[in-house]
Amino acid sequence: MVLDEYLSKEGKHGFVISSNASHSLSPVMHNAAFKHAGIDATYHALGVSEAELPEVVAALRDPRVLGANVTIPYKHAVIPLMDDLTAEAHMAKAVNTIINEGGKLRGHNTDSTGFLRSLKEGAGYDVEGRDVVMLGAGGSARAVALALLREGATVGVYNRTFEKAQSLERDLSRYGDIAVLRLPEAERAIMRASLLVNTTSVGHMAYGEADSPLPHGIMPREMVVDIIYRPTKTPLLEAAERQGRKIQNGVAMLVYQGADAFTAWTGKPAPIAVMFKALNEALDAEG
Ligand code: ATR
């Protein structure tokens, strides 16, 4: 069996499946959580090719497996390999969490609930009735938009590729008030908005970009969230902080999506503070 090497260790097992697992912080976070909660389980990162994906996913039906997380680029590709989908996965058209329920694989999505909890519990920020502008229209943007709409925010979406923003709007408009923005209208909308959320990869270390995704450093009225966590403070967040706005990076979303996955697998509340500590220590160690 393809996972035998991992399953030889006693106890239960969790995995994160991606094309390149070596940079994943999920093992650090989940292993700290299992240990703290007294759960005899180990979490492993798996780098999987597209050709191997069906076999690896099928192996998750083993009774020793609690489940797995799925990340770039397989959140969509695993959908046909599931036995069923939760409403969240169905709405997001993406699976970031697989739950092994007695040999049946249920595809779930905790990115959306994780984002919302990161705002509410992490930052004490309530988006209901607020004007929000989002930058980006990729996979993460869908989860973020869904969370905001279900919570009753009014959402404007600006993306470099207009057609992708239109497609996001088409898919999500049934959940609430969402509109596509073009420049320069997008800049005015940001200045009027309470909250700005960056879901693009601009500012991420791996892309070597020091730029803010915003054209002229314009800011919303209250808060800026960047879902990037490497670096922990992107140029966008630095600018927002300099201008006196509340800021939040992507560590909180990572923790809360992981926390909701942990609960889906174990039925227990996740030790949020322990997960934050483990992640922040790992990020600090990276320098
Ligand atoms: P994820 O799953 O992390 O959301 P993705 O689906 O590849 O990743 O989406 C990346 C987002 O970052 C997209 O909105 C992309 O814009 P395009 O749709 O125009 O490609 C945005 N993005 C990436 N690089 C960018 C850049 N240099 N400037 C502006 N937007 C960028």
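I started at the ligand: one of its oxygen atoms has a backbone N or O atom of A137 at 3.0 Å, a polar contact (a pair of N or O atoms within 3.5 Å). The model is predicted, with local features needing pLDDT of at least 70 and side-chain atom pairs pLDDT 80 or more, while totals for chains, interfaces and linings use all residues. I note that numbering runs from 1 along each chain as its sequence is written, and that side-chain values use heavy atoms, without hydrogens and water.

I looked up G139 next and found a backbone N or O atom 3.0 Å from a ligand oxygen atom. For R160, a side-chain N or O atom lies 2.9 Å from an oxygen atom of the ligand. The ligand on its own has 650 Å² of accessible area, and the protein covers 68% of that (Shrake-Rupley method, 1.4 Å probe).

I then listed the shell: 13 residues surround the ligand, and A137, S140, N159, R160 and T161 are the closest (a heavy atom within 4 Å counts as near). By class I get 2 nonpolar, 8 polar and 3 charged residues (Asp, Glu, Lys and Arg are charged; Ala, Val, Leu, Ile, Met, Phe, Trp, Tyr, Cys and Pro are nonpolar; the others, Gly among them, are polar).

I turned to helix packing, with helices taken as DSSP runs (H or I, at least four residues) numbered from the N terminus. Helix 6 (residues 139–150) packs on helix 7 (residues 162–172) at about 40°, axes 11 Å apart (lines fitted to C-alpha atoms over the stretch in contact, angles from 0 to 180 degrees between N-to-C directions).

Conventions. A polar contact is a pair of N or O atoms within 3.5 Å; within protein, one must be able to donate a hydrogen and the other to accept it, and residues adjacent in sequence count only if both atoms are side-chain atoms. Helices (H or I, at least four residues) and strands (E, at least two) are DSSP runs, numbered from the N terminus.
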